[in-house]
Every structure is written in structure tokens, then in C-alpha cells.
Amino acid sequence: MPMLRRRTFLQGSVALGGAFALGASVAAKTGATPDPQILTAQFTDAQIAADGVTPKVMTYGLGERTHTGLPPVLRMRKGEAYAARLFNRLDEPTTVHWHGLRIPNAMDGVPEMTQPYVYPGDHFDYVFTPPDAGTFWYHPHCNTLTQVGSGLTGVIVVENPEDPAFDAEIVLNLRDWRLGAGGKFIDSFKPRDAARGGTYGTVRTANWQREPVYDVPAGGLVRVRIAATDVTRIYTIGLAGAPATVIALDGNAVDAPFPLDRLEVGPGQRVDLAIRMPESEGERATLGNFRGSSPWTIAALRAVGTSLKRDLRDIVALPTNPVAEADLSAAKRIPIDLTATAEHKATPSICGSLGYTFWAINKTPWPGDTSDPVAPIEELKLGGSYVLEIANRTPHAHPIHLHGLSFRILASNKRSFLPPPTDTILLLPDEQAEVALVADNPGDWVIHCHIIEHQKTGMTAYFRIV
């Protein structure tokens, strides 16, 4: 099986990039490719903690001007071309990964795998057409723990004109910060915690705010799009003060909307809710995290104005996305074991290393972001059907994310509810699950734990589709 080497990759990426640029140029001449949205990775100072301003927070801004707040919500339309030009104003290399979007491999944003590093002062053009509507997010795949932990996470909304109408929409970007006295950054992880469930943040936020409150129409139907962009935290989401239904998970419509009770959402995952607001002005619907023994408020919606008298039964199922269904009668089965591994020093990388390996996929620890030659888990045949037999042989949960593809959970020894097609499965301790997919997107596709300390200390691998 061929091995990936940095020189070979870079030679191939130049050829692929040239071919893609030619295709983009032709598309531009026909009017198919829009002008790129300028996306600038940069530093800012931000008031996140209560006791001080945090310096050198990382964010994205639109245009080339200085941006001082939360990365913007990027809005796209299903089936329409989108273009972005990333400018890097940081002091280290970076990229953009479009989490959950099934787009060409050359646009996936993984350095040493799908594209070159974007060095300080340089730029990179991304051009793709999102095939699916829903809630997604974007973040770097370079020095990931530091960059994501420092703020570089934004939400993507891919719109579908066939979606039902709502009276308001709220987008929530959920993430913690590792801040100490005066709002200053502290060490992004503790090795002992990285070898377990991960290192938690000290300040919990939604949209970079602690317990924000948003005004929405009384008696109205509100679509709340939630993206868990934290590097560690698993949420158990619930709502008090109003009824809500779950209408989509990880960018895909549920078969039938169902009432929200308690819903586990791991790093990298998304959930769309339809909330029917209270009748009276000033009443609140409060979204909380009920995981653990001390529930806390994530954000609240406050009813304003005269009641619109809407009814949750007005909400119909969202249109489905065109995700291919695997032919289970012909599917090849591939075992994937998630395990701890013997600790040893990780290989240094331009994109950063935590200095340890604690985790492995199929007994191979790979920190990612490295030029070391590593073979794919499996070479998949383009158009073929596959069933991944994933076994979590650890006492910790792992949100396993697959780039560039969607899969369907067929069975599990730990759950009865099987969600719609997804790109991330939150594997519980000792869970064994079967997931099915069609290998319909050529290229090298990373699979990894989205607890970033686990990703960066070995729980990373990739498939090659040819």
C-alpha cells in the first residue's frame, strides 16, 4: 500500500492545485464561480472572562480590516458555488477545514494531506459547491489545539429555500476557554488529562459571551442552530421554559421532528432546534447543559412583543440531503479499534505537536499535522459500499469525525436512537457501533477524535478513496 511522503504530497498537490485552479478559472469565465469572500485569520483582544481582557485571541474577519469579535457566521446556499480567500495574519501557519461539508478533497484544509500550509502573510483560495443544507462549522486543521482553543471557530449555515419559515433564527457557537487570572491564557492542556477525557476550559461561553440573552418574538417559532466547537466538552443539552423539537442533527434532517428532552452533543457535532416561545413578553426559554451534577445556563431567549400565536405543529420535517445509501448486501466490512497506546514522544511538526502520544486507531498512533509516512487504514473503491465496525475499547467517550463523507449508524450496543446520516459519532465508553457509507468522494479523508487532545496525541488516521 503506498505511503504518503511530504515531497510526494507537495508535488501532487501542486499538480492537483493547478488542475483545480484551471477548473475554477473556466467556471469563473462562465459566471459559475462568485468573487471570493475574504476571510482573514488574525489576532484580537477580547473581553471573555469577567476579570480582564484576553490578549492575542485568534479570530476570523471578513475583508482585510481588523476584526475584534466572534468569527462571522458564513452563509452559503445548497447547490451554489462558494469561494473564500483565506489571508493569514497570524504568526504561524494555518488552514481552514469546512467541518461536515462534502466538498472536493483539495479544499478540505488538512496540511500535508490535502493542501500546503498557509504561512503568515500568504493566502489560499477555497472554491466549492456545498451539496447539503444544514448547520456546519469551520476551523483550522493546523496547530489545532492552540488555534481552535484560542478562538478560531466559526459557524456555517448552508441555506435551502425549501426549508420551513421561522420567525427568528439564533446561531450559537459553544466553546470553553482556558483562562486564568485577569483573563490571560493558561496552558491549553494537562498531559494527565489528555491521556484521559481531555482538559476542560475554565470559562464557558456561547458566542464568546457568558450566558447571553437574545430577544425573539413572543409566541413565535425560533430556529436555534447549535455548534459544539469546543476542544473537549461534551454537552447534555436541555431546555426550560418552552417546548422544543429537534429538527436536524449534524447538518441532516431527522426523519420526523421529536421533542427535546436531553440530548448529548460532543465536540464537532451540531443540533438544530425549533423552539416555540412563551406568550408573554419578558418570559424566557433557557438552554442549559445538564451533564454532570451541576447544570448551568448556556444561553436564554427572551420573548418580546405581542404573541405571534404560532404552533410547533406548523413545523414539518426539513428536506433531506442527497446522501447515498450503502448497499449492505455488497458492503465490505472494516474493523476500527480505538485504543490507548504506549506513551512515547511525538514527532515534531510545523503545525505543532503536544509532545506525547496516548491514543491510537487500529494500533497506530498518528498525531496528524505531520509529514511522517503513514499508510491509510484502507484503500476504498470509488462508489463502493462499506461498513465500519468501530469499537471504543477505552473508558472515555470519543466523538469520531470523518472528513468529506457522511455515514449512517446501523447498530450500537449502547444506543436505541439511530440518528440521520452524520459525519460525527459520539462513541460512548466501551461502545461498539456499525456505520455504513458510500465511498463517493475521491481523495485522502481524515478520521479522528474531535477531542483535540486525543486527535493530536494519536487518535487520527485516514482513508484513501481511489
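The structure is a predicted model, in which local features need pLDDT of at least 70 and side-chain atom pairs count only at pLDDT 80 or more, while totals for chains, interfaces and linings use all residues. Residues are numbered from 1 along each chain as its sequence is written, and side-chain values use heavy atoms, with hydrogens and water left out.

**Salt bridges**

Side chains of opposite charge can pair when their charged atoms come close. A salt bridge is defined here as a side-chain nitrogen of Lys or Arg within 4 Å of a carboxyl oxygen of Asp or Glu, and by this rule the count comes to 28.

| Pair | N to O distance |
|---|---|
| Asp 163 and Arg 223 | 3.2 Å |
| Arg 302 and Asp 215 | 2.7 Å |
| Asp 444 and Arg 464 | 2.8 Å |

Helices (H or I, at least four residues) and strands (E, at least two) are DSSP runs, numbered from the N terminus. For accessibility, buried means under 20% relative accessible area, exposed over 50%, and partly exposed in between, with a 1.4 Å probe and protein chains only.

The salt bridge of Asp 163 with Arg 223 links distant parts of the chain, since Asp 163 is in the loop between strand 8 (154-159) and strand 9 (168-177), whereas Arg 223 is in strand 12 (residues 221-228), 60 residues apart. Asp 163 and Arg 223 are both buried, and they belong to a network of salt bridges that also links Arg 75, Glu 159, Glu 169, Arg 225 and Asp 272.

In the pair of Arg 302 and Asp 215, Arg 302 stands in strand 19 (residues 296-304) and Asp 215 in strand 11 (residues 213-217), 87 residues apart. Arg 302 is partly exposed because its relative accessible area is 28%, and Asp 215 is likewise partly exposed, with a value of 45%.

The pair of Asp 444 and Arg 464 joins strand 28 (residues 443-449) to strand 29 (residues 460-465), the two residues being 20 residues apart; both Asp 444 and Arg 464 are buried.

**Two buried residues**

Arg 276 lies in strand 17 (residues 270-276) and counts as buried because its relative accessible area is 15%. Contact in the wider sense means heavy atoms within 4.5 Å, and, leaving aside neighbours within four places in sequence, the residues in contact with Arg 276 include Gly 219, Leu 221, Pro 243 and Lys 309.

Val 96 is placed in the loop between strand 4 (82-88) and strand 5 (97-99), and is buried because its relative accessible area is 0%. Not counting residues up to four places away in sequence, Val 96 touches several residues, among them Leu 39, Tyr 60, Tyr 126 and Asp 108. Val 96 and Asp 108 are 12 residues apart in sequence and 7.5 Å apart in space, C-alpha to C-alpha.

**Cavities**

A cavity is a set of points, on a 1 Å grid over the protein atoms alone, where a 1.4 Å probe fits but cannot get out, and its lining residues have an atom within 4 Å of a point. Of the 15 residues that line the largest cavity, Ala 133, Gly 134, Gly 251, Leu 318 and Pro 319 are the closest to its centre.

Technical notes
1 Å grid on protein atoms, 1.4 Å probe; cavity = no way out; pocket = protein on both sides within 12 Å on 5 of 7 lines; lining within 4 Å.
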